[in-house]
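Colleague: Please take a close look at one loop in this model, with the charged and aromatic side-chain pairs of the fold as background. Keep it plain.

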Amino acid sequence: MFENHGFPIAACAGIDSPVGISLTRAFAQDSLRECRREFDLSGLRFVEATDPSAQQFLSLAPEAASISVQIGNPSNPATLSDLGLDADLLEVSVLAALQRTNREVLDIVQIPGANANELLPRLLVDKIRSLNDEGLVRHWGVHARTVKQAMRAMSLLGISYVSFSASDFGLEAMPGILAAAHRARTSVIVSVSADTPAEVVADLRHNCAVLGVLIEVNSLEGLQSATATIEALQRMGVAHAVA
């Protein structure tokens with residue numbers, strides 16, 4: 001089942017998950033060094049920014065593309081040492097992201113887990129739910145940095161998904177994490193490195209628990225690698241569902 005901007009909101013919908021790109025702080029810095037501010041993102045249906053400095057590039061994505069932002073990462077000035085984010089700072093960060101991306105609503109907001117024992121403070125959950133009720137955020141989820149965080153996040157009520165980077169867990173842990181998500185009836189968004197073979201990406205996007213796959217882009221060269229992977233997926237005959 002697909003909802004706004006072609007983004008799936010339910011696992012096991014019988015439709016292959018979209019593949020997109022994740023623009024990081026390192027990519028924004030590399031773009032600044034090379035004086036590059038515009039890129040051809042016209043063919044994408046799923047684009048993420050993991051840092052405020054990369055959010056500006058989401059404005060280059062097509063209007064119909066789903067955009068995702070991570071809020072509260074260590075490099076984010078709004079981060080607090082104890083609980084990751086204050087509820088008021090979360091709201092300000094969401095409003096700032098709307099301005100940078102030139103959108104009226106954010107399709108996906110990812111909030112990192114503070115720690116394994118206190119994943120998200122209750123005030124933070126209440127705030128993101130209120131932003132959802134206001135129509136500023138369509139879907140929200142937890143970005144897990146450890147296996148324990150991911151397992152705890154899968155038990156939370158009200159979230160749309162759990163996201164994580166395969167490099168944080170290791171590819172050897174992926175089958176177990178995906179199986180756990182399937183058992184918990186939770187969808188996941190998986191980020192992979194730019195040098196991940198197209199065959200691995202294709203296997204992930206066919207998985208019943210996977211809501212979407214993001215290729216991490218840390219440099220201009222990485223953007224080329226991600227584009228090459230997407231083109232390889234198209235040649236494999238899955239162009240209809242590739243972001």
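Modeller: Asn 102 is exposed, with a relative accessible area of 66%. Exposed stands for over 50% relative accessible area, buried for under 20%, and partly exposed for what lies in between, with a 1.4 Å probe and protein chains only. The model is predicted, so local features need pLDDT of at least 70 and side-chain atom pairs count only at pLDDT 80 or more, while totals for chains, interfaces and linings use all residues. Numbering runs from 1 along each chain as its sequence is written, and side-chain values use heavy atoms, with hydrogens and water left out.

Asn 102 sits in the loop between H3 and strand S4 (106-112). Helices here are DSSP runs of H or I with at least four residues, strands are runs of E with at least two, and both are numbered from the N terminus. Although Asn 102 is not a glycine, its phi is positive, at about 60°. Most residues other than glycine have a negative phi. Arg 185 belongs to the loop between helix H7 (174-183) and strand S7 (188-192), and with a relative accessible area of 81% it is exposed.

Next come the charged pairs. Asp 107 makes a salt bridge with Arg 103, the closest N and O atoms lying 3.8 Å apart; the term requires a side-chain nitrogen of Lys or Arg within 4 Å of a carboxyl oxygen of Asp or Glu. Asp 107 and Arg 103 are both buried. Shared partners join Arg 103, Asp 107 and Arg 138 into one salt-bridge network. By this rule there are five salt bridges.

Another one is formed by Lys 127 and Glu 91, whose closest N and O atoms are 3.0 Å apart. This pair links distant parts of the chain, with Lys 127 in helix H4 (residues 122-133) and Glu 91 in helix H3 (residues 87-101), 36 residues apart. Lys 127 counts as buried at 18% relative accessibility, and Glu 91 counts as partly exposed at 25%.

In the salt bridge of Arg 33 with Asp 30, the closest N and O atoms are 3.3 Å apart. About one helical turn separates these two, because they are three residues apart in helix H1 (residues 25-33). Arg 33 is exposed at 58% relative accessible area, whereas Asp 30 is buried at 12%.

Helix H1 also takes part in ring pairing. The whole structure holds four aromatic pairs. One of them is Phe 27 with Phe 39, a tilted pair at 5.2 Å centre to centre and 50° between the planes. Phe 27 is in helix H1 and Phe 39 in the loop between H1 and strand S2 (46-49), so the pair ties together parts twelve residues apart in sequence. For such pairs, ring centres of Phe, Tyr and Trp (its six-membered ring) lie within 6.5 Å; planes under 30 degrees apart are stacked, over 60 edge-to-face, and the rest tilted. Both Phe 27 and Phe 39 are buried. Phe 27 and Phe 57 have ring centres 5.5 Å apart and planes at 75°, so that pair is edge-to-face. Ring pairs link Phe 27, Phe 39 and Phe 57 into a cluster.
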